[in-house]
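Please keep the sequence and the structure in view while reading.

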Number of protein chains: 4
Amino acid sequence: MALSGLLRVGEVGLRIFDMDEARRHYGDRIGLIESYEGDDDKLYYKCPDEHDLYSLVLRKADEAGIDYVAFKTLEDADLENYEAALAEFGIEVTYVDAGVYPKSGRRLIFTLPTGHEMHIYAHKEQNGNGMPTRNPGTIPDEGYIRGMRTVRLDHVLLGGPNIETNREIFDKVFGFALSEQIVDHETETPLAIFLSASTKPHDIAFLIQPESNRFHHVSFLLESVNDLYHAADLIGKHEIAVDVAPNRHGVTRGATIYFFDPFGNRNEVFTGGYVHYPDTPTLTWDTTQIGRATFSHDNMPRESFLNVLT
Amino acid sequence: MALSGLLRVGEVGLRIFDMDEARRHYGDRIGLIESYEGDDDKLYYKCPDEHDLYSLVLRKADEAGIDYVAFKTLEDADLENYEAALAEFGIEVTYVDAGVYPKSGRRLIFTLPTGHEMHIYAHKEQNGNGMPTRNPGTIPDEGYIRGMRTVRLDHVLLGGPNIETNREIFDKVFGFALSEQIVDHETETPLAIFLSASTKPHDIAFLIQPESNRFHHVSFLLESVNDLYHAADLIGKHEIAVDVAPNRHGVTRGATIYFFDPFGNRNEVFTGGYVHYPDTPTLTWDTTQIGRATFSHDNMPRESFLNVLT
Amino acid sequence: MALSGLLRVGEVGLRIFDMDEARRHYGDRIGLIESYEGDDDKLYYKCPDEHDLYSLVLRKADEAGIDYVAFKTLEDADLENYEAALAEFGIEVTYVDAGVYPKSGRRLIFTLPTGHEMHIYAHKEQNGNGMPTRNPGTIPDEGYIRGMRTVRLDHVLLGGPNIETNREIFDKVFGFALSEQIVDHETETPLAIFLSASTKPHDIAFLIQPESNRFHHVSFLLESVNDLYHAADLIGKHEIAVDVAPNRHGVTRGATIYFFDPFGNRNEVFTGGYVHYPDTPTLTWDTTQIGRATFSHDNMPRESFLNVLT
Amino acid sequence: MALSGLLRVGEVGLRIFDMDEARRHYGDRIGLIESYEGDDDKLYYKCPDEHDLYSLVLRKADEAGIDYVAFKTLEDADLENYEAALAEFGIEVTYVDAGVYPKSGRRLIFTLPTGHEMHIYAHKEQNGNGMPTRNPGTIPDEGYIRGMRTVRLDHVLLGGPNIETNREIFDKVFGFALSEQIVDHETETPLAIFLSASTKPHDIAFLIQPESNRFHHVSFLLESVNDLYHAADLIGKHEIAVDVAPNRHGVTRGATIYFFDPFGNRNEVFTGGYVHYPDTPTLTWDTTQIGRATFSHDNMPRESFLNVLT
């Protein structure tokens, strides 16, 4: 069936404090496109090369963090199948009608063992990627791509307990591959797991944390290391709080920058990384190599990277 | 189910005349790794970042061209399912035992309506990508990556009649998406179709041709435009016959170079291109834009590109 | 003494037919900055990373071509020295007062043996590169760099007879190094000479042509091969007439694209090339390698490239 | 006279402890070419795209640090001129005969006010850059460029007292431009000065330090940000001690990595940076922006960077 079922992280819901600062950070700085106007306390963004109407929803709240992660699935009928399969893990689901999330089809909603709210939906209005579908050409008009020149929202890393149960659910219910894992070198207990729905080295990852429903970062794909440097130049120019300046992950082999939005939510821009298939062997890193697994240019683990979540 | 069934072009069989010249071209120049020693008249190659033992098989023969294209599928049990589904198209299959193709599982073999021999197999011995699976690091030892610094064998473009029937088979039997097509602007008849098994803009493509079983090119993925320029530098240095110097395709948005092996088989190195999902709209180019669809830097159709096949 | 005397091509005067089309091409497409408003029939442009007020002057006229090439020299007193040295070659000069060329110091003007009008001046008003000189930062505000993302006006290639006399003058009077030359392989007669004032592989070059005062191209520096591909994407999008799509020169090793303005004047964007010092050996290409000398990715000489001048 | 007098840092003499470790670091890892065999306690290296026989001399000693920095000048007769001009600063010189430094012309040797031994010489044997001077092509044979793919030795940063006197000498005697400086924001006292002999943003720089004759780093030019990332991948792979992972300097705008050889000498690989001319305004950074001046991606001053010298 080639690619079916859950396709990708289609939407992330984050909490922010201030609408103007959020617009400046996600719109002007990162260059996301504000693509829908809904409730007064929400901002809807997408990356330039996405076809769906929006992929990032920012909600005004009192504290930062994640509201939910929503996966797009290929067929609406998948929802009932997932409901049944989740029941075997004792997970109860609710359905939300089409249109409750604007321009979106109905959603299946449930809570992961790590405490995160997860959505599944099959439909969302599409407004294109700045180019027509007939004789599209290769590059949109000047100004459509701006700021950090992101391509797509790519993945999220979430923290919580019970990550092994999450892994089982993503394996058995959703068919995700375990592309990589970081394990304790003495006990072989997984501390972080990286799960792939397609050919990306990961679509979602979980980091073990005592507290549930923690948010580590949302990541935006860039086209090249040159664009990564361009993003870093903007980050420095605008004095955006940097967590880790340009480096390369051991896990995924992606080139990366971590920084924070004005509310403390961690963002990543990245590029590269290998092509992962379900028959690619799972790569395992142990804690003797935690520096290299995370930041392979200097093999230096960052305390903040491992422990600061919202 | 995420990614299942046919995963990718796992192997291409091409015909060459001279073993030494083939080794110089595919080994020394392109930098593929000769990874298996089998029959005296065959050469087995892989790209550096592939895990399976080989992906390109060159067979000494009297004329250039393609022997077969082989897809890897996720499960061995898929073969019987495909057999049944192909029967509905009146396509007969044969099975070849494991080991006939060295270090490979059993294969389902049949002929596409375009006249091409197609294989499906689920298993092939893996010898890794030059890095261990425990604490792999991010870069193999010096010398492992050489020549044009290819990453993976990516796709093939084949020519023949009945490409619309091929499209139907790849849709109904294998679940491939039609990512793009080039159509006659008056009749809307498809002249070329681009089919995706995963998130690549294409895994296989077919170009309408009066003669069946024609080979247009096999394509190798590179990591960056810088590496594309490096490949072009090598091509010029070694006076490899160039079909089209660096350019960008309209279709797929990939940056590309076309060149020929010493026997007339067309090779491509490319990088970039967008991420395609099953819910991405199909892009259609018509023949008023054939130049831009093929080579979007100068919008100039190349006669040789459209008509020279082996 | 380091760098003294003629520093670089500080200004090129070209002829165009239509002000609006010129603005669209040089301003919107290439992304040059219109930095001064003078006579009604002139447009003044600069590249984003130049400090001087303008470097390209377009004059409305009946036919395309070059009006003059102007070099900036370090000291105003240099002018009299050059006058004396040029007299030994029988070249008469005139002086033009400061301000005749707007915001420019006085100029020494004379005609080269190839028929080109050449200016020398030491002063021009500076308006900076979009960043302050105190704590400048590394990247200007969004929108300052646009279009093809040029860095600087880099060099010109001019055609005419007597290029060897030009070479002698640039050597003896101005101290330029002969970085490279293309010679007839039978007679060793130079057909093209490349002259460097500093550490660039060339600041000005001359191509032998029967007619005098011919213009081959003006070239703008880009930062990377990625930006070169971005420029080519824009060229294709806007259907700018391409002479040669992305390639690499043998001479200078620069990565290049040639295209035409709406009036037939050839433009180049390029990146890379080696660092040249006066003690670097002169490189000589002969006509057996004219393809590689000009376009080393396919070693294919382009008729139009060698013979179309304005 | 275009470029004359001191051309560039032609040679740096460093001290190392162990010949094998030095060979592994500078030869295998960085990819410098061991190009001459001299005394048993010395190693002679060059970068692949340099024409002169060697540019880095490593001498076995008991402690790390710099022996001398040697500038190449255009003409042998320059030496007497410099002798005279240095005398006005009360600096005494000695001459060393041709051949004492192998394959090198005679040298003028003296001590800078910062305590560094400086050489000037006009001649050194050339063995080319891996390509002929007749029809050179654009890329040397496979294996010639290896390791971190350096292009040239570019500049040094040295520490000591009296940097303002050094500045005066480089200005008055050698005609270097002050491209940038970092000053104390209260006193405007220069803490670091960056001096350019040609069109590079610096050829040599001095950092104020209480102790004289201190060595901060020697820097090797790379071709692209992609190659910088490749270098960082090798640095991580081989666990070379990193000082600062990929970042961008505010000063010079160069993309940079700092790391240490096994003896504690700091090395840099870098790429990019702007084109500097003598008429480019001097850029001044003050200590309120010391973070951005040094590392502009995160504007974070590094204690070790400012204070660890050998």
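## A loop residue in chain C

Arg253(C) is found in the loop between strand E15 (242-248) and strand E16 (254-260) of chain C. Helices (H or I, at least four residues) and strands (E, at least two) are DSSP runs, numbered from the N terminus. Although Arg253(C) is not a glycine, its phi is positive, at about 60°. With a relative accessibility of 16%, Arg253(C) counts as buried; buried means under 20% relative accessible area, exposed over 50%, and partly exposed in between (1.4 Å probe, protein chains only).

## Basis of the description

The model is predicted: local features need pLDDT of at least 70, side-chain atom pairs count only at pLDDT 80 or more, and totals for chains, interfaces and linings use all residues. Residues are numbered from 1 along each chain as its sequence is written, chains are lettered from A and ligands numbered from 1 in the order in which they are written, and side-chain values use heavy atoms, with hydrogens and water left out.

## A loop residue in chain B

Asn135(B) belongs to the loop between strand E9 (117-121) and strand E10 (152-160) of chain B. Its phi is near 45°, a positive value in a residue other than glycine.

## Annotated domains of chain A

An unreviewed UniProt entry lists "domain: VOC" for residues 8-123 and 152-272 of chain A. UniProt positions are given in the numbering used here, feature names are shortened, and annotations may be inferred rather than shown by experiment.

Residues 8-123 of chain A are 18% helix and 39% strand, with end C-alpha atoms 13 Å apart. For residues 152-272 of chain A, the figures are 19% helix and 47% strand, and the end C-alpha atoms lie 13 Å apart.

## An open sheet in chain A

Strands of a sheet pair through backbone hydrogen bonds, either parallel or antiparallel. Here, two strands pair if DSSP finds at least two bridges between them. In chain A, eight strands form an open sheet with mixed pairing, in the order E3-E4-E5-E2-E6-E9-E8-E7. Strand E3 (33-36) and strand E7 (94-96) of chain A are the edge strands, each pairing on one side only. On average, neighbouring strands of this sheet are turned by 30° against each other, direction ignored. Axes are lines fitted to C-alpha atoms, for helices over the stretch in contact, and angles run from 0 to 180 degrees between N-to-C directions.

Three bridges pair E3(A) with strand E4 (residues 42-46) of chain A in the antiparallel sense, and Ile33(A) has Lys46(A) in E4(A) as its bridge partner. Helix H1 (residues 19-29) of chain A packs on the sheet, where it touches strand E2 (6-16), E3, E4 and strand E5 (56-60) of chain A. The direction of H1 makes about 5° with that of E4(A). Helix H2 (residues 78-87) of chain A also packs on the sheet, and the strands that it touches include E2 and E7 of chain A. The direction of H2 makes about 20° with that of strand E8 (107-111) of chain A.

## A buried strand in chain A

Seven of the eight residues of strand E14 (residues 214-221) of chain A are buried, so this strand is largely enclosed by the rest of the structure. Strand E10 (residues 152-160) of chain A runs antiparallel to E14(A) and is joined to it by seven bridges; Gly159(A) has Arg214(A) as its bridge partner in E14(A). Strand E17 (residues 266-272) of chain A runs parallel to E14(A), with four bridges between them. Val218(A) has Asn267(A) as its bridge partner in E17(A).

## Helices of chains A and D

Two packed helices are described by the angle between their axes and the distance between the axes. Helix H4 (residues 225-237) of chain A packs against helix H4 (residues 225-237) of chain D at an angle of about 90°, their axes being 8 Å apart. H4(A) and H4(D) are therefore roughly perpendicular to each other (angles under 35 degrees count as roughly parallel, over 145 as roughly antiparallel, 65 to 115 as roughly perpendicular and the rest as oblique).

Val225(A), Asn226(A), Leu228(A) and Tyr229(A) of H4(A) make the contact with Val225(D), Asn226(D), Leu228(D) and Tyr229(D) of H4(D), where contact means heavy atoms within 4.5 Å. Six of the residues in this contact are nonpolar, two are polar and none is charged. Ala, Val, Leu, Ile, Met, Phe, Trp, Tyr, Cys and Pro count as nonpolar, Asp, Glu, Lys and Arg as charged, and the others, Gly among them, as polar.
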